[in-house]
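These notebook entries record what I looked up in one structure.

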Amino acid sequence: RVMIKVVVLVSGVNLISTIDEVGSELGEPDCKLTKPFLICEGNMLEPWLSDVTSADTFMMSSDKILTLTDPRPTILEKYETLIK
C-alpha cells in the first residue's frame, strides 16, 4: 500500500514522500521512499539528496523514522504538482 506522508526522521529532517512498506530481513531497510522532497523553511520543497545523487528511490530502515503523518493540503498539492 503506497501513501504520501510527511516523514519525520530521528535526525530532525522533515520529508514528504511517497512511502511503501516492504518486507525485509531483520536489520534490512524496510521502507521505500519514492520521490522524497525536503520540506524547507516556508514550506518550500526541494528534492532530497539531489546535490549528491540523481536517484529518486531510497530504502530506509524504519528505526530512522520518528513518525509519519499526513501532510497539510497545501504541502500535498505542491508535492503532487512536483512529482507529475
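**Entry 1: Lys5.** I began with Lys5, which lies in strand S1; helices (H or I, at least four residues) and strands (E, at least two) are DSSP runs, numbered from the N terminus. The model is a predicted one, in which local features need pLDDT of at least 70 and side-chain atom pairs count only at pLDDT 80 or more, while totals for chains, interfaces and linings use all residues. Residues are numbered from 1 along each chain as its sequence is written, and side-chain values use heavy atoms, with hydrogens and water left out.

Is Lys5 buried or exposed? I found Lys5 to be buried, with a relative accessible area of 16%; buried means under 20% relative accessible area, exposed over 50% and partly exposed in between, with a 1.4 Å probe and protein chains only. The side chains of Lys5 and Asp70 are joined by a polar contact of 2.5 Å. I took a polar contact as a pair of N or O atoms within 3.5 Å; within protein, one must be able to donate a hydrogen and the other to accept it, and residues adjacent in sequence count only if both atoms are side-chain atoms. Leaving aside neighbours within four places in sequence, Lys5 is in contact (heavy atoms within 4.5 Å) with Leu15, Ile16, Ser17, Ile19, Leu68, Thr69, Asp70 and Pro71.

**Entry 2: Ser17.** I turned next to Ser17, one of the residues in contact with Lys5. Ser17 has its place in strand S2 (residues 14-21) and is buried, with a relative accessible area of 0%. A polar atom of the Ser17 side chain lies 3.2 Å from the backbone oxygen of Thr34. Not counting residues up to four places away in sequence, Ser17 touches Met3, Ile4, Lys5, Leu33, Thr34, Lys35, Pro36 and Tyr79.

**Entry 3: confidence.** I looked up pLDDT, the predictor's confidence in each residue, from 0 to 100. The protein chain has a mean pLDDT of 92, and 94% of its residues reach 70 or more.

**Entry 4: nonpolar cores.** A nonpolar core is a set of buried Ala, Val, Leu, Ile, Met, Phe, Trp, Tyr and Cys residues joined through side-chain atoms within 4.5 Å. Which residues make up the largest nonpolar core? The 11 residues are Met3, Val7, Leu9, Leu15, Ile19, Cys31, Leu33, Trp48, Phe58, Met60 and Ile65. At least two residues of this core come from each of S1, S2, strand S3 (31-39) and strand S5 (57-60). S1 supplies the largest share, 3 residues. Another core, of 8 residues, lies apart from it and includes Val6, Leu45, Ile75 and Tyr79.

**Entry 5: aromatic pairs.** Rings of Phe, Tyr and Trp (its six-membered ring) pair if their centres lie within 6.5 Å; planes under 30 degrees apart count as stacked, over 60 as edge-to-face and the rest as tilted. By this rule I recorded 2 aromatic pairs. Phe37 and Tyr79 form an edge-to-face pair, at 5.7 Å centre to centre and 85 degrees between the planes. Phe37 lies in strand S3 and Tyr79 in helix H1 (residues 73-83), so this pair ties together parts that are 42 residues apart in sequence. Phe37 is buried, with a relative accessible area of 9%, and Tyr79 counts as buried at 0%.

Trp48 and Phe58 also form an edge-to-face pair, at 5.1 Å centre to centre and 65 degrees between the planes. Trp48 lies in the loop between S4 and S5 and Phe58 in strand S5, so the parts tied together are 10 residues apart in sequence. Trp48 is buried, with a relative accessible area of 18%, and Phe58 counts as buried at 12%.

**Entry 6: backbone phi.** Most residues other than glycine have a negative phi. Lys35, which lies in strand S3, is not a glycine and yet has a positive phi of about 55 degrees. Lys35 is partly exposed, with a relative accessible area of 33%. Asn43, in the loop between S3 and S4, is likewise not a glycine and has a positive phi of about 60 degrees. Asn43 is partly exposed, at a relative accessible area of 32%.

**Entry 7: cysteines.** How many disulfides does the structure hold? I found 0 disulfides, a disulfide being a pair of cysteine sulfur atoms within 2.5 Å. Cys31 counts as buried at 6% relative accessibility, whereas Cys40 counts as partly exposed at 24%.
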